[in-house]
Amino acid sequence: MDFEYTEEEQAFRQEVRDFLDENLTAANRRDANFMANWLKKVREKRWVGFSWPKEVGGGGGNIMQQVILKEEMASRKAPPLGTCMMGLAWVGPAIIQYGTEEQKQRFIPDILDSKYHWCTGYSEPNVGSDLASLQCKAVREGDFYIVNGTKIWTSLAPFASWISLLVRTSSNPESKHEGITALLVKMDSPGIEVRPIEIMAGGAVFAQVFFDEVKVPVDNRLGEEGNGWKVTISSLANERSSIGEVTAMYEKLERLKELVRKSRKNGKPARDDVGIRRQIAVFEARIEAMRLNGFRYLTKQIKREPLSSETSVNKLHRANLEVEMTDFAVELLGQSGLQLRDQEGAVDGGSWATAALSWPDVAICGGTPNIQKNIIAERILGLPKD
Amino acid sequence: MNFGFNEEQELLRDQVRRFLDTNCPLSKVREIMKEPEGFSRQLWQQMGELGWLGLVIPPDYGGVGLSWVDLTVILEETGRSLYPSPFISHSIAASTLAETATDSQQKRWLTDLASGDSIASLAILDDDGPPNADNITLVGTGNGKSFMLNGEKRLVPDAGLADLFIVAFREGTSNGKIALAVVERDQQGVSVTGTGTMDQTKRTGSVKLDNVTADETSLLHCDSDTIVRLLDKGVVAVTAEIIGAAEAALDMTTNYAKERIQFDSPIGRYQSVKHRLAEIYLDIESFKSLLYYAAWTVDESPGELSRSASLAKAYASQAFAQIGIDSVHLHGAIGYTAEYDIQLYLKRSKWARPMYGDTDYHYERVATLGEL
């Protein structure tokens, strides 16, 4: 065991720190100008799509560099590296791996330049965790697919210019996973209707999307017909240690401790309350466990050992912590914790109250906690499938 | 960056596991449990010959001179197999002597500890209180060079088996400076009682001291950090054994859930069963990471030892207590029988919980260290 960084790694960390010293403005003074300049600068550094190969315009960063970049960005609360979130996280890697040369040239630069948003159309009204049974249908007619059906809980759909869509192209497949195809569809195509869905914390970041006889050129198919399931599971060499998230969670823990130091419970300082002290320590243990689990995953990735479902452990920790930490803050604040961001008298700008209504972003998107437990039980412990 | 074990350590793990699987399967554990001493001298001697009893003892004194990360590898396996022995007490005592004894003292004691010819334990705390200096009350009367010890150390792990004890006491008065001395079992005025616990693989006892002398030949170096470090090593050792034992309980229960058919299906298919097993996996993976890091800090980053040891033990003893209960529970009635092995892990989880501080103690320490 050693926790040393090589000279190259230390030099890279210093490079990131110097860049941040020079280019990062305090959080409350980041206006549109700052943001435009930031995106340009990080793009020049090739830190947008940092894990992607250099040939397609990415940064070609190795696993350790990816970790260091995320860690430094998170510890300084820097804005995201590029605003095309879905493109960077999901669609881009799939296009790089399965796309045609023409598709790569058409889409990858725009994702890296934050030109527009992508969204991903997976879930349907009756298809959630059991994604393979999706119904949205595409029928081939000449050089086009004709798409009919609907997608729901589509994050960023109200703002997206393109959608990466999973459709059923064969209705009697041997296995549910076969007969699914991935299509890249322009959101202003005739026949598409987007109905934003308001979330419980207010605002509409996701939507239901309806497809009525939408014509999609066959050239916009990603990968082979019937191969859509594989396309969604990218195997690019992304670091999966979640150490960037852990840095942010330690920062949140510090804010929680600050809240405890200035709050009272039952007429006494909250910091003297045994239950509160213990709860904070429990959070710390779980965040530290995530950090160290992450180092173990990282070690496996560096040694090129297979890393599979064990990362579900950190996903579960994160989901639970996100729910429990924000709920703890709101409970500690009592009635003063009930004001949301835009309401008179909100504590800490209503950030705790708003966060206490926003955890599904983390806890439900990308697989609910129950699904993560199924993954651990079936793939790691070898228990029979439901 | 490498948070994993090296090839030699993986080899050591294979070797220890093979040795214990062959020589100390659960059927053998049950035989040893029935012995009056609850201990097998023969197995202990073999462990000594293989170098494992002197793993953290310097080569100059018959040991192998390895680190606490290496020791962790063995402890995970002794925990997995429920190997009944004073291995934890012995290893902490040996490691402490290697750090605090003079050359001539090391020569006198460590060679026999490395071979297994003699067994060491710890008589640090005076009662069932917090595992820290507040709980050291025995007073040694004397002049700074030689002390007379009178009193009783209760709850001395493996007391009945040990040939020598590291004893903590206060110099002169009840709020005097803390000192450490080696007291030998056959020294005049020493009387030892050994007794069992609910976990038949773990033993405890007491050491009575009646005008026992501690002088420059037996006093050890002791500064303000020595006791904290000694007890933190105990925290690390117990938690390392928890990992192995918890994994064994999870394995046993998972296998049972795959085989036991109810309502025409293996019970492991029902989410109330499989989700609980997944949570157990999550907990073990997590306190395992915490403990590996704590073990690494013992030699490589001592300033971080207290916090990281507390995080590991706080998480592990609470999780393991629930794992013990749920493993029996998931087995149904068979798990309740003496004949079936899963109950042995439930008992181990009860034993491990208070040793070197329970979850309440360690979370409180984490909160204090975290400036709350």
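1. A residue counts as buried under 20% relative accessible area, as exposed over 50%, and as partly exposed in between, with a 1.4 Å probe and protein chains only. By that rule Ser301(B) is buried, because its relative accessible area is 16%. The model is predicted, so local features need pLDDT of at least 70 and side-chain atom pairs count only at pLDDT 80 or more, while totals for chains, interfaces and linings use all residues. Residues are numbered from 1 along each chain as its sequence is written, chains are lettered from A and ligands numbered from 1 in the order in which they are written, and side-chain values use heavy atoms, with hydrogens and water left out.

2. Ser301(B) lies in the loop between helix H8 (271-300) and helix H9 (305-331) of chain B, where helices are DSSP runs of H or I with at least four residues and strands are runs of E with at least two, numbered from the N terminus.

3. In chain B, helix H6 (residues 103-115) has 13 residues and reaches 18 Å from its first C-alpha to its last, close to the 18 Å expected at 1.5 Å a residue, the expected span being 1.5 Å times one less than the number of residues. After H6(B) comes Gly116(B), whose phi is positive, near 95 degrees.

4. Among the buried residues of H6(B) are Trp109(B), Leu110(B) and Leu113(B).

5. In chain A, Glu224(A) sits in the loop between strand S8 (221-222) and helix H6 (228-232), and Glu224(A) counts as exposed because its relative accessibility is 52%. The C-alpha atoms of Glu224(A) and Ile192(A), 32 residues apart along the chain, are separated by 24 Å.
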